[in-house]
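Hi everyone, thanks for coming.

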Amino acid sequence: MEAFDYVAPRSLAEVYSHLGNGKRTLFLAGGTDVIVQLREGRRHCDQLIDLKHVPELMRHGFTSDGTLEIGAASPLAEIYEDAEVQRRLPGLVDAASLIGGIQIQSRASLGGNLCNASPAADSTPALMALGARLVIGSASGSREVAAEEFPAGPGQNSLRPGEILVQIKVPPQPAHSGAAYLRFIPRNEMDIAVASAGVRLVLSPDNSRIEDVRLALGAVGPTVILVNTNDLAGKAANAETFKLAGEMASAAARPIDDMRGGVAQRRRLVSVLTVRALNTALQRATEAR
Amino acid sequence: MTTVEKPVYSVIGTRPIRPDGVEKVTGKAQYGADVHLPGMIYGRILRSPHAHARIRSIDTSAAAKHPGVLAVVTHGDLPAADDRVEELGETAVNVRELSSNILASDKVLYRGHAVAAVAAASPHVAEEALAKIKVDYEVLPAVVDVRDAMREDAPLLNEARRTKSMGGQVSDRPSNIASHNQFKAGDVEAAFAEADVVVEREFTTKMVHQGYVEPQNATAAWNSDGTLTVYTSTQGAFAVRAQLSEILRHPLARIKVVPMEIGGGFGGKTVVYLDPVAAVLSKKTGRPVKLTMNRAEVFEGTGPTSGTYIKIKAAAKDGRLTAVKATLAYEAGAYPGSSVGAGAMTMLSPYDVENFEIDAYDVVVNKPKTAAYRAPGAPAAAFATESAVDELTKKLGIDPLDFRRNSASRMGTRMVNGIAFPRIGNEETLDAAINSPHYRSPIEGPNRGRGVASGYWFNAGMQSSVTAAVNSDGTINLIEGSTDIGGTRASLAMQLAETLSVPYETIRPTVADTDSVGHNDVTGGSRTTFASGLAVYEAGMDVRRQMCARAAKLWSVDPDDVVYEGGKLRCTKDSTRELTFSELAKQSARTGGPIVGKASLLARGAGGAFATHIVDVEVDPETGKTTILRYTAVQDVGTAIHPAYVEGQIQGGVVQGIGWALNEEYAYDESGRMLNSSFLDYRMPTTLDVPMIDTIVVEVPNPGHPYGVRGVGEVPIVPPLAAIANAIADATGHRFTDLPMSPRRVLEALEGLE
């Protein structure tokens, strides 16, 4: 590995003070991707800024209006082990609990997963489906974007120079709604999604009709794809509608052929995963919580 | 557990704690990566980015001047090597090719081929310096598939290579086919003509890696007196020493190889890669030099096992296998020497089949030189045979195990190489499978299926030396030279305890370096518990004879009147004369000095091993993913010295077979670049991917060993490929003939995608 400076600031202000100094900068928000990339020479930097010592980036909790605020460097395990998160946001737990193994989950963060911007990132489709918003900070202030506006291409996010991802905000979920995330991997753990689907299903108060579906697909395009599902509103939440949703997923997918999966395979898988995720979401939407 | 009459043992068949266990589970055991010597520096290796290229020149001057660099070496720093073949126990290597594989000479023959090496104060500095080595390559067309390499117009890896055939014929034209051998008997065409049913299929398997957890490593110290000490991870310290001696042209006695604990080998750690490089770097710098590989280097720079193409035609008549015609072509990698011969010689071993014609081709391709991998050559060949047999039984409507039982080889049946089997346990293994709880229970439910397959592995004997030093308190130091991959410290100590009728705990086994014990061949060919076990038995008998003589001296009687029984010495003429083992050990100084039992031997009589496996699978028709629901491995092990380690060997082999069947493969692009040189994308099974592997241990003692030992470690990887393919065929109605049967391949086949 090449030599670089390691910086461990104790506050956001201190983080910002290290930006704009002309050094090629990478951030350590867990290191489970960036250390490997540096070792393999896939990324280069002059300074590595460790975000794990900044208090604002390391905590999470629900606000009074029910929004879950997650510091961008908080380890996944702290999120999915929180009983309140498990109760309110099982669709997020689906994703956070299957990234890597327990050791990885104790270091890796949602912010890191988002910023690494892999099209196959597990947390991104789940966060998009839940309507998450991202707080981006810099020395001159902060701005917010929707999760689906953040990825810019394979390995590229939309942070501007001098900016870092500070917080992920998951809004309170609508009544009569349920979410789920599913991915397909050839093995049963320690793998990267060949295709994935995150869904949130909102039902009418009597559970008879679909009011809204948010559907995000992973590993079938240059970025995670949010699918236009307007045509599903008003339909019954049944197998026929879910099959239609699966077909919409297949049609929206723009997969590539690589050694992890083929084009036809990925189109087929996003359809299957969408249907299966919707079934789980329906179950969660209708069961008492 | 099926068994024939066997003696009552006191230690054999028990499950004591392994002598190396505590050190390993507490992290104290010393592996190659733990070696630190005073003044030690670090080496890194520059590897070819091309699958096939001529090296026009190498300019190391800038790297040599890089701050912190102490030496740079290339092939020119190795002595000129002889063009001759050296036997290394399980495998034979051509010394010149081995030397060119260590550091490329005129050509690079695969991506990852070592080209140069740097030694520096830190591995990071060495890494930086690699980027400053300028290699001028003339890139050549690459060939990475065995069938492409066999074409007459294929790019040639070596323009001087001719095809050698049995009987010494050599082809006129240069070729990538290094050898062609044939095994033939009876009249296959006549048998096909009168058969009830004939099946003809083509099969392919991809190159796969052993996947040992511990990467290769070597630390070398070229001492000022001209002696060389190498600490390394290996299956055979003496094989490393022999290769170092050949490559470096240095006398054997001036090389000491210290085998560190080994984190897996499975055949892959019988040939050297880093050790000679570390040695020349140390010679050049005067400092100890340590080299370790990362995972990508292990995949791209060490020896996996062959990708294969096999065509088979099989026939049955009257419910028996009557004829097989087969063509096997195996990728040897960059230099000749695939395991195709073993594939050809094992593929029909479970059967008594009169008519066969097997052609075996060893073919070089622009991929890493293959090395041994657990029953080398046999799994791919069994994949073809056992799939074809399964199809025959389906067409005939006969139970697949009954068919195998009707066609089973037994004592006296000739293998394809003409050698008649001694006492083997094939029929007993099949009977145990037929009567197993697994096979007698139904398989039910949609998308589920059951498959069975059999397999055979020769097992090896070869050379072993051991010393058993009796201490004055009655304890024993057992000095052996077989590196312990699979619990052999325990299995050897147990055999000595049985021979001497002393408690297992009184024996301390040590795997010694090459200065401290006589020659031992590699731990490979499932030979150690058998062959080093035989040496241990002989050394134990030597101790018994010496102790009888000492007792006779003490008692002033004729040695013939002293017997050794139950760990005691008794005088047959005088019942008051009796000494325990430790009582006599205490008197060794007064009766003639230390009592040391020794044995050095070339073990004959290795007993072949048979296995039959039963597997239930469920295939998700929407994703193509196969789940192993239940797996039972039945195997004749001769005598299970330590049943827990026998079961562990069987389970480990099955798990590797599951990986090979379902997901593992070297994926290449057309230029010969490996696309998945990491454990992320080279998908070995994790614990969540396999169920409990049930084992049924059959014991048909090997008449070639005093305790009936047969090798157990290799045959369990032979049947799984076909057993799983047969189960998937049963579950889906689709027969897969190309491995791996990955979800993608299964989905594409079931849904007719792409």
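Some ground rules before that. This is a predicted model, where local features need pLDDT of at least 70 and side-chain atom pairs count only at pLDDT 80 or more, while totals for chains, interfaces and linings use all residues. Residues are numbered from 1 along each chain as its sequence is written, chains are lettered from A and ligands numbered from 1 in the order in which they are written, and side-chain values use heavy atoms, with hydrogens and water left out.

Okay, the interface. On the chain B side, 26 residues are in contact with 25 residues of chain A, contact being heavy atoms within 4.5 Å. Together the two chains bury about 2300 Å², and 51% of that is on carbon and sulfur atoms. Buried area here is the accessible area (1.4 Å probe) that two parts lose on being put together, summed over both. Three residues to look for are B:K625, B:R683 and B:R744: they supply 25% of the area that chain B buries against chain A, more than any other three residues.

Which element of chain B gives the most to the side that touches chain A? That's helix 20, with four residues. Helices (H or I, at least four residues) and strands (E, at least two) are DSSP runs, numbered from the N terminus.

Now over to a sheet in chain B. Seven strands form an open sheet in the order 3-7-1-16-13-14-15, with mixed pairing; two strands pair if DSSP finds at least two bridges between them. Strand 3 (69–74) and strand 15 (255–259) of chain B stand at the edges with a single partner strand each, so one side of each has no neighbour in the sheet. From one strand to the next, the twist averages 20°. Inside the sheet, strand 13 (residues 217–222) and strand 14 (residues 228–232) of chain B run antiparallel and are joined by five bridges. One bridge there pairs B:W222 with B:L228.

Next, a hairpin. Strand 9 (residues 162–165) and strand 10 (residues 170–174) of chain B pair in the antiparallel sense over two bridges, and B:K164 has B:V170 as its bridge partner. Four residues lie between these strands, and B:G167 takes a positive phi near 90° in this hairpin. Strand 9 of chain B also pairs with strand 11 (residues 177–185) of chain B, in the parallel sense over two bridges, and there B:S165 stands opposite B:H180.

Most residues other than glycine have a negative phi, and most peptide bonds are trans. B:M462 has a positive phi, near 70°, and is found in strand 21 (residues 462–470) of chain B. The peptide bond from B:L739 to B:P740 is cis, with omega near -5°. You'll find B:P740 in the loop between helix 19 (720–732) and helix 20 of chain B.

Key: Axes are lines fitted to C-alpha atoms, for helices over the stretch in contact, and angles run from 0 to 180 degrees between N-to-C directions.
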